[in-house]
Amino acid sequence: MNAAKRKSGDFLLAVEGLTVSFDGFKAVDDLSFYLDPKEIRVIIGPNGAGKTTVLDLICGKTKASSGSIKFAGKELTRLKEHQIVHSGVGRKFQTPSVFEDLTVFENLEVSYPQGHSVMGALAFKRDRAVIEAVEEVAETIFLTDALYEPAASLSHGQKQWLEIGMLLIQKPDLLMLDEPVAGMSVAERKKTAELLRVITRDHTVLVVEHDMQFVGDIADRVTVMHQGRVLSEGSIEKVKADPKVIEVYLGH
Amino acid sequence: MNNSALSKWFVSREGVYYLLLALLLVVILPLVLDPFRLNMVGKYLTYAFVALGLVMCWGKAGILSLGQGVFFGLGGYCMAMFLKLEASSPENTAIQSTPGIPDFMDWNQLTELPWFWEPFHSFSFTLLAVIGVPVLLAFIIGFAMFTRRVGGVYFAIITQAIAAILTILIIGQQGFTGGINGITDLQTLNGWDIRTDEARTTLYFICVGMLFLCLFVARLVQNRKLGRILMAMNAQENRVRFSGYDVAAFKIFVFCLAAAFAGVGGAMFTLLVGFMSPSFIGIVASIEMVIFCALGGRLSILGAVYGALIVNAAKSGFSESFPELWPFAMGALFIGVVLAFPDGLAGLYRSYVMPLEDRLFRRDKDKGAPVAGTAASKPAAANENDDEPVIDNYSPEKS
């Protein structure tokens, strides 16, 4: 790893010595990894390796027992969830969590980065800029035609895209996606890969994924986790050839 | 479907509903009821304030409070303290061993007015306190609970415990609070005798006016983005949190709003009924308030008013003829609402009466709203966000 030689300030995200234990069980154990700006990093690993927990730790859903998460030079471990979002980190959950009762437009509008305080939400007006931002994102996520449909009527894949859109409209620097293609059809997977390629033109993306085909399609670099630690890291070819990775993850 | 035309139709329809309620409360009931019955309706309406708060807090935001009687009571007690001090002038209380303090204090061997009673000599302070005291307590409870992510059943139980604690406190501290009898024998408001029929009728109209004020505040909150966040928070709390919202702040806000409504209702109750006692604020009273809200429809602002009116009217009717049966009827009502029609009267209205209205008024609607190009009208509809075309953001499949 050349990371050790560089200062953590050069990275968009620097995770160092991150540890969290639940009742003595270390779900993430002294984990370190670094993301360059505009990089697509995929975290893979067997079930229970701690992949989702890493995302939880970065977005503040779970508090770290020790270690540091520096994002654009800012320490995230001490911030609250909404403050982390405001620093520029967006998180998509594994199961699509969109607001079913609201329309696609309203779902995106709720995520628009304005009027996030109580009084701000009371005073919030749907002006030109909001409408334009919503329409622009809707186009990116292939949902222009469904803009005024309730989110409940969308297909599973469309809900996943909508949630990605809800992150995009926040204009985050780092997007974290937890299994974005799980449960998607082949056609939807292809479209999602295409979507991610568009997104990564101006975002850094951290993805947790199982689908190796998809991982190969999108990843710049891959981090393999096992039992809360980094097992291997590098290009997809490198980790695929790594005997340790084959033994615990790929070789079955 | 055409969004812009639809929104106009809904807005006008919603307007009609508010007008009908106003017509009922301001014209019809005062004309057909004698002052005694009208005063009773006024009393029922004071519960509508609480039910309205519960619609916002429980229906919209999903925070069930089983202690709204606390805030109702605090508002009511603040008003009662002012009225009691006015009724306890040194001349009126000359026969007491300490003239100038409320009679129950004298009976409890108090020789001077407790410090926290002093500010209630001022009417403007009292008006502030009627809202301020409940909101302050709601803020403290909300802050302590919601920043620690206490919610759901746990929150409901804690609010219930607070209702029990406050009741015990008031009953136990007789000398300061009037104990189990409450604060009674209230006579005048700034020299105006509130016990006459004319005064009670005037107070009824003030109560209706305040209620409409609160209804419009609730409607404003509901139709702004704030309302959508509250609903969204109820369904997908984590998504709201990770969209950059401080969920606790929104919960505290809506809990305080509900407390403010309840406080106003309590103060109006004291004025209309002429006394305040712990029986109106305890666990049973608080649960009844939830039933008003549930029966009216916990998602419907106007439903809260009808729920409070109907349940209380039924309670009076029942209690006059078969007093011992009322608790059973009330229980059955609640079970019925929860099992059979969880969206209450408003839900039934929406599924059975609204389609009829649609058929009845369809011709007018088509005439009134010429069809515009669907695509072209969308941004326009979006701009009219202030008058969001939802009545109560209701979805039939979610319940």
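These legends describe close-up views of a predicted model. Local features need pLDDT of at least 70 and side-chain atom pairs count only at pLDDT 80 or more, while totals for chains, interfaces and linings use all residues. Residues are numbered from 1 along each chain as its sequence is written, and chains are lettered from A, with ligands numbered from 1, in the order in which they are written.

**View 1. Chain A meets chain B.** The contact takes 28 residues from chain A and 30 residues from chain B. Two residues are in contact if their C-beta atoms, placed from the backbone, lie within 7 Å. On the side of chain A that touches chain B, α2 (81-87), α3 (104-111) and α4 (118-123) of chain A each give two or more residues. Helices are DSSP runs of H or I with at least four residues, and strands are runs of E with at least two, numbered from the N terminus. α2(A) gives the most, with 4 residues.

**View 2. An open sheet in chain A.** Its 6 strands follow the order β6-β7-β8-β3-β9-β10 (chain A), with mixed pairing. Two strands pair if DSSP finds at least two bridges between them. β6 (89-92) and β10 (229-234) of chain A are the edge strands, and each pairs on one side only.

**View 3. Strands β9 and β10 of chain A.** β9(A), residues 221-226, runs antiparallel to β10(A), and 5 bridges join them. A:H226 has its bridge partner, A:R229, in β10(A).

**View 4. Helix α1 of chain A on the sheet.** Helix α1(A), residues 51-59, touches β3 (40-44), β6, β7 (174-178), β8 (204-208) and β9 of chain A. Its direction makes about 145 degrees with that of β7(A). Axes are lines fitted to C-alpha atoms, for helices over the stretch in contact, and angles run from 0 to 180 degrees between N-to-C directions.
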